[in-house]
Amino acid sequence: MWNTAPTSEDFLAAATSTAHWIQSTAQPAPFGLTWLPEPDKPELATTVSAPQTIYSGNAGIVLFFLELADATGDQSWLAPAQSAADQIAATWREVLDFRFLIDLEHVNLDFNHGLSGTAFTLATIWQRTGKEQYRIAALDIVQHIASVAKPAGKGIEWTGAASAALGDGAIALFLLWAARTFNDTGLRELATAAGERILEVAEQLPDGTLKWTGFPFTTLGMPHDAYMPNFEFGTAGVAFVLARLHEETGDPRFLDAAHAGARHITSIATVRNDAALLHLQEPNSRDIFYLGYCGGPVGTGRLFSQLHKLTGDLADAQWSERFARGISTSGIPEQQTPGLWNVVCQCCGTAGIVDYFIGLWASTGKSGHLAFARRVAENLLSRSTDFDGKGNRWYQAWTRVKPGTVTAETGYMIGAAGVGSAFIHLALAEQGRYHAILFPDNPYPDHRP
């Protein structure tokens with residue numbers, strides 16, 4: 001695409017092109033607009049998650065358009081963002097009836113795939129525009145989440161899974177964010193009660209560390225003894241939730257448990273030349289090392305960054321750097337690995353890696369992290385497609401075990417909106433005006449002077 005390395009303005013232009021492609025798929029809706037999730041199959045109203053959600057729905061695209069308007073100064077992107085938010089605010093209850101891939105009670109309250117993320121998006125656009133209807137809708141969702149919490153042991157639960165994605169950990173993280181956003185201490189108390197339950201379901205191992213299976217993997221068609229230790233489903237994510245609870249409450253039990261979980265992670269990590277990776281799953285897939293957010297260091301490394309932020313312990317900072325080196329010494333982005341196949345999205349692909357290294361740079365100031373983010377972003381940009389002049393998109397194999405199934409989606413965690421946001425973040429970082437909309441499971445600074 002370029003004979004020389006792209007400039008930060010080129011990355012902003014690529015993000016704008018991506019937004020144009022997404023906007024070309026806009027469809028009128030009763031209360032505003034929606035975007036097609038997979039434009040090559042316009043008959044599909046949904047793919048992975050409901051239209052009102054972040055993962056493959058419209059909520060994540062709203063966030064991307066908000067960031068694009070701020071980064072470029074082109075406020076025309078606010079109009080479609082608000083129109084889509086109007087539709088989301090009016091129809092969020094439809095998520096309650098959406099049949100998700102996983103049959104788990106209240107899984108539709110998850111952040112990436114459910115209503116916690118929907119409320120986050122509505123609250124964010126309320127903060128950006130001041131329009132009260134978005135705040136009201138976000139608070140209605142929060143009230144619903146609170147109303148369906150059920151007593152369990154010494155605390156509460158929703159799904160019965162402790163995980164930081166598709167589980168109670170994800171909901172608790174959102175409630176901590178909402179408590180600050182809406183100045184409501186009751187929401188922090190609700191998240192704390194969820195933390196009490198998470199403490200109870202920990203498995204203490206003979207070496208004194210703690211482990212959380214995190215998720216009922218039989219719902220994914222996996223063996224009953226399956227264990228995925230990384231961030232999205234396993235101990236790394238649960239321990240991160242507890243570390244955040246300590247940050248908000250000061251309760252030392254949460255920090256102690258988070259440290260015990262972190263020690264379990266370091267005890268099973270594969271370390272070579274001071275670079276660390278964590279296998280995808282036990283007892284199978286011990287030889288597969290994902291590199292992205294859902295099952296790799298982009299997620300798992302957050303635990304150690306969060307712990308270092310809380311305590312200043314150099315050992316935690318060292319582990320954070322080890323997991324980063326696990327990615328940067330893997331051979332990507334020039335080559336694919338079994339754990340980073342033809343996948344570019346925020347969830348399990350290269351866009352998430354770009355944002356991870358930007359986050360590390362924002363927290364440490366180390367230029368090498370930003371340089372690696374650019375290297376990955378340049379490769380990512382070179383893989384874009386615009387065969388019809390409508391704008392940038394990316395074709396990827398979202399499912400690792402189905403490499404022949406290639407799609408181009410518009411959503412944030414699964415598709416182009418998340419890629420475009422990563423480009424925006426990199427451009428702003430290089431221009432000395434970094435600012436990002438970060439999710440509640442992200443421990444890194446949202447700006448850097």
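Q: At what angle do helix 11 and helix 12 pack?
A: In this predicted model, local features need pLDDT of at least 70 and side-chain atom pairs count only at pLDDT 80 or more, while totals for chains, interfaces and linings use all residues. Residues are numbered from 1 along each chain as its sequence is written, and side-chain values use heavy atoms, without hydrogens and water. Helix 11 covers residues 314–328 (helices are DSSP runs of H or I with at least four residues, numbered from the N terminus). Its axis and that of helix 12 (lines fitted to C-alpha atoms over the stretch in contact, with angles from 0 to 180 degrees between N-to-C directions) are 12 Å apart, and the packing angle is about 145°.

Q: Which residues of helix 12 make the contact with helix 11?
A: Contact requires heavy atoms within 4.5 Å. Helix 11 contributes Ser320, Glu321, Phe323, Ala324, Ile327 and Ser328. From helix 12 come Ile353, Tyr356, Phe357, Leu360 and Thr364.

Q: How many residues of this contact are nonpolar?
A: Ala, Val, Leu, Ile, Met, Phe, Trp, Tyr, Cys and Pro count as nonpolar, Asp, Glu, Lys and Arg as charged, and the others, Gly among them, as polar. The contact of helix 11 with helix 12 has one charged and three polar residues, and its nonpolar residues number seven.

Q: What is the volume of the largest cavity?
A: A cavity is a set of points on a 1 Å grid over the protein atoms alone where a 1.4 Å probe fits but cannot get out; points join across faces, edges and corners, and volume is the space filled by probe spheres set on them. The whole structure holds four cavities of 30 Å³ or more. The volume of the largest is about 230 Å³.

Q: Which helix gives the most to the lining of the largest cavity?
A: Lining residues have an atom within 4 Å of a point; of the 19 here, Arg302, Gln346, Asp355, Phe439 and Asn442 are the closest to the centre. Two or more residues come from each of helix 10 (297–311) and helix 12 (350–364). With three residues, the leading contributor is helix 12.

Definitions and conventions: On a 1 Å grid over the protein atoms alone, a cavity is a set of points where a 1.4 Å probe fits but cannot get out, and a pocket is an open set with protein on both sides within 12 Å along at least five of seven lines; lining residues have an atom within 4 Å of a point.
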